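Subject: Structure handover

Hello,

Here is the structure for you to work with. My notes on what turned up follow below it.

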Amino acid sequence: MNAAATAVWGRTEQQDFRARVRGALLGAALGDALGAGVDPLPLTEIHRRHGPGGLTDPVPAHGRRGAVTAVTQLILFTVDGLIRAQVRRDTGAWHPPTDVHRAYLRWAATQYDWGPDERREDNGWLAHEEWLYTRRDAPRASLLGLGDDIMGTLHTPKNPTARDGGALARSAPFGLLVGWEPQLVCQLALECAAQTHGHPAATLASGAFAVVVHGLARGTTLEAAVRTALELVTAHPGHQPVTDGLTAALAAVREGVPGPDRVEALRRSGGDGRHAEDDLAVAVYAALVSEDVRHGLRLAVNHDGPSATTGALTGALLGALHGETALPPAWLCELEGRPTLLALADDFAMEMTQGPALHSATGAAPGWLARYPRA
């Protein structure tokens, strides 16, 4: 294989990209873990337990502090599917939604099996991580949508009434495909969201979120990235709840000092506050007004809604914007699965920047194919 063919990215660009990938994945997991401690609670109960300032630091959930939920699990398998898609491209097979769907089926197995199936060499390394074999508040629509081998599509989506944010955070990795144009990132996110969450608002919110992450990973401002997402999503039928939510989030920035009341008003502006577009609006607002990552995540999880989801969304945005070094180290050191997250983030960055040095149509590094089989 020709190593000279890999000289597409400069060293500085590669390092910046890796920092943003790490930031997005670790940030999402931190927000997920923070929100998990209060996820089922109304704001009044959060204040009763944690004081008038609400939750300010991680608390135990699922038996330990720093534990993540199915939100992070699905993000990991999304990344795995995207790497596998790149590796399989050498064979002439190129349909990323199918490879992501296969990855989601591997995740679904972790929700039912006792542990890794050592006989399945085609599973790759991620599906052999034993710590992932535990059910952590998996969205019902995700379990149902992946309950068989049939892949939902935009024309025949799974769970066409599912409007919750279960497909949102797992769409963050699509935004890290910085070599793609925004409209293609949006389309991929839409197609993969439809595999479990078929309501137009849920799929379009996922597409919009991926586009926002994409803009940040490319180095644009958060507001500019949101406006790009608005432009792209507006072209799709049924966009109004999503575009209204994003527009409200942008407007709320100028409405005074950030706080739980403002988040709650924004979350309920379009309905009952438990829809994907509401989660997206909260996350965008929290990221826009955040003083730092801690402040943004605290703002994102102190409300009546699905705190793990909004925390993960906000963490992915702030991590992609600022990179891994902006994340609070005291929270990182207790984060469940951090070695796995880092390894997968680095593998993704390496694949996207130096893929030709790892595999081609005529040869491949054996270790890479062991990690990401073409089967």
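Arginine 371 lies over the face of tryptophan 125, with 4.4 Å to the ring centre. The criterion for a charge over a ring is NZ of Lys or CZ of Arg within 6 Å of the ring centre and within 35 degrees of the ring normal. Arginine 89 sits over the face of tryptophan 94, at 4.1 Å from the ring centre.

Before you go further, the ground rules. This is a predicted model, in which local features need pLDDT of at least 70, side-chain atom pairs count only at pLDDT 80 or more, and totals for chains, interfaces and linings use all residues. Residues are numbered from 1 along each chain as its sequence is written, and side-chain values use heavy atoms, with hydrogens and water left out.

Aromatic pairs

Searching the whole structure gives four aromatic pairs. Rings of Phe, Tyr and Trp (its six-membered ring) pair if their centres lie within 6.5 Å; planes under 30 degrees apart are stacked, over 60 edge-to-face, and the rest tilted. Tryptophan 9 and phenylalanine 17 have ring centres 5.1 Å apart and planes at 40°, so this pair is tilted. Phenylalanine 17 also pairs with phenylalanine 348, again tilted, at 6.4 Å centre to centre and 40° between the planes. That pair links distant parts of the chain: phenylalanine 17 is in helix 1 (residues 11-36), phenylalanine 348 in helix 16 (residues 338-358), and 331 residues separate them. Helices here are DSSP runs (H or I, at least four residues), numbered from the N terminus. Ring pairs join Trp9, Phe17 and Phe348 into a cluster.

Are these phenylalanines buried or exposed? Phenylalanine 17 and phenylalanine 348 are both buried. Buried means under 20% relative accessible area, exposed over 50%, and partly exposed in between (1.4 Å probe, protein chains only). Phenylalanine 17 has 2% relative accessibility. Tryptophan 9 is partly exposed, at 25%.

Buried charged side chains

Arginine 22 is in helix 1. Its relative accessible area is 17%, so arginine 22 is buried. A polar contact of 3.1 Å joins its side chain to that of glutamate 324. Such a contact is a pair of N or O atoms within 3.5 Å; within protein, one must be able to donate a hydrogen and the other to accept it, and residues adjacent in sequence count only if both atoms are side-chain atoms.

Lysine 158 lies in the loop between helix 5 (140-145) and helix 6 (172-175). At 14% relative accessibility, lysine 158 is buried too. Beyond its neighbours within four places in sequence, lysine 158 has contacts (heavy atoms within 4.5 Å) that include Asp148, Gln195 and His197.

Helix 2

Which residues of helix 2 (residues 43-50) are buried? They are Leu43, Glu45 and Ile46. These cover an arc of only 160° around the axis, which puts them on the same side of helix 2. The arc is that of the directions from the helix axis to the C-beta atoms. The face turned away from the buried side carries the exposed residues Thr44 and Arg48. Helix 11 (260-267) and helix 13 (293-301) are among what covers the buried residues of helix 2.

Core

The largest nonpolar core has 111 residues. Such a core is a set of buried Ala, Val, Leu, Ile, Met, Phe, Trp, Tyr and Cys residues joined through side-chain atoms within 4.5 Å. Helix 8 (residues 200-217) gives the most to this core, with 11 residues. Residues with the most contacts inside the core include Trp107, Leu335 and Phe348.

Best wishes

Note on methods. Helices (H or I, at least four residues) and strands (E, at least two) are DSSP runs, numbered from the N terminus.
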